[in-house]
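Subject: Structure for you to look at

Hello,

Here is the structure I promised. Please open it and keep it beside this email while you read.

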Amino acid sequence: MRAWVAPAARRGTIERVELTVPAPAVDELLVKVRACGVCRTDLHVRDGDLPAHLEQVVPGHEAVGEVVAAGARVTGPPAGTRVGVPWLRRTDGTCRYCTRGQENLCPASVYTGWDVHGGYAEYVTVPAAYAYELPAGYTDEELTPQLCAGIIGYRALRRADLPEGGRLGIYGFGASAHLTAQVALAEGATVHVLTRSPAARSLALELGAASAGDAAAGPPEPLDAAILFAPVGSLVPVALQALDRGGTLSIAGIHLTGVPPLDHERHLFQERTLRSVTANTRRDGRGFLATAAGHHLRATLAPYDFDDADRALDDLAAGRVNGAAVLRMPH
């Protein structure tokens, strides 16, 4: 099969290769990939912001495809079913985190496109228990960002403790943020978007945000909650200072540049809360996809041919992608 790999010895690049079609393990599905999202985490894998776990790995953890084979212990879904292959690939199911509903913190967790080969390929495997059933009414390409950008944004929104009808600030407005904003709006929130991109500001207003401006200027009113999607640590004190009393800042990304010193009175006093987000649970995934089934979410897509995966990552790194980049697989 054709695939792209990120070599550990040559950071900052991905390379086209031919690999053997993988055989599914006894509890896994073999999926023929139809489309795969291009996520900022793929950039972190390519560029070495995340430590290499393989000498070369196929990136991609927002894969949508068709089940073509299954391991001996798999009872479903049947061949021909459209499924999603997400970031969280496997947990041990027995540690204290898994047993108390926090499988995202499992020390033995395994991730698609980092620990094992992912969706920048014609075929990918996934444990059947970790594959997602997908809502109808969306194209393959529209579903790809939902499998990471949507799910992690959903968890970040829940971690932000936004009160009913509250005021939410969103810092950065890429693939994850533009889906999360739509979920918050559907739930009755007032959304203020803070981003440096003029195109992203226009998209935010088009989707229903109450305001869209630069982070340095701040939102037009105090925030009950905020989510930081931009991987920029210097925005942490900026967002904290924009919170009202009792507000919470949720940091959505897996990677963040250095955070400046925080001043207790300006940034944390009056019971402001700072929270990180680590991966997601399958409960988060099912909750988000149920929301996507009930409220059709508009995915603003930047499509790329499979052969242009390297260009897609370069464009994402340079801020040239508005919305979510997605690879269209050859058929």
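**The largest cavity**

The lining of the largest cavity divides into nine nonpolar residues, one polar and one charged. Here Ala, Val, Leu, Ile, Met, Phe, Trp, Tyr, Cys and Pro count as nonpolar, Asp, Glu, Lys and Arg as charged, and the others, Gly among them, as polar.

A word on the source. This is a predicted model, where local features need pLDDT of at least 70, side-chain atom pairs count only at pLDDT 80 or more, and totals for chains, interfaces and linings use all residues. Residues are numbered from 1 along each chain as its sequence is written, and side-chain values use heavy atoms, with hydrogens and water left out.

Rolling a probe the size of a water molecule over the atoms shows where empty space is left. On a 1 Å grid over the protein atoms alone, a cavity is a set of points where a 1.4 Å probe fits but cannot get out. A pocket is an open set with protein on both sides within 12 Å along at least five of seven lines. Lining residues have an atom within 4 Å of a point. Grid points are joined across faces, edges and corners, and a volume is the space filled by probe spheres set on the points.

The count is one cavity of 30 Å³ or more. The largest cavity has a volume of about 50 Å³. Its lining includes Ala6, Arg11, His53 and Trp114.

**Arginine 46**

Ala6 and Arg11 also touch arginine 46, as do Leu313 and Asp314, among others, leaving out residues up to four places away in sequence. Contact means heavy atoms within 4.5 Å. Arginine 46 sits in helix α1 (residues 40-47). Helices (H or I, at least four residues) and strands (E, at least two) are DSSP runs, numbered from the N terminus.

Is arginine 46 buried or exposed? It counts as buried, because its relative accessibility is 7% and buried means under 20% relative accessible area (exposed is over 50%, partly exposed in between; 1.4 Å probe, protein chains only).

**The second largest pocket and helix α9**

The second largest pocket has a volume of about 220 Å³. Which element gives the largest share of its lining? Helix α9 does, with three residues. Arg282, Arg286 and Leu289 are among them.

Threonine 291 also lies in α9 (residues 282-294). Threonine 291 is buried, at 15% relative accessible area. Beyond its neighbours within four places in sequence, threonine 291 contacts Tyr154 and Val183. Threonine 291 and proline 135 are 156 residues apart in sequence, yet 9.5 Å apart in space, C-alpha to C-alpha.

Best wishes
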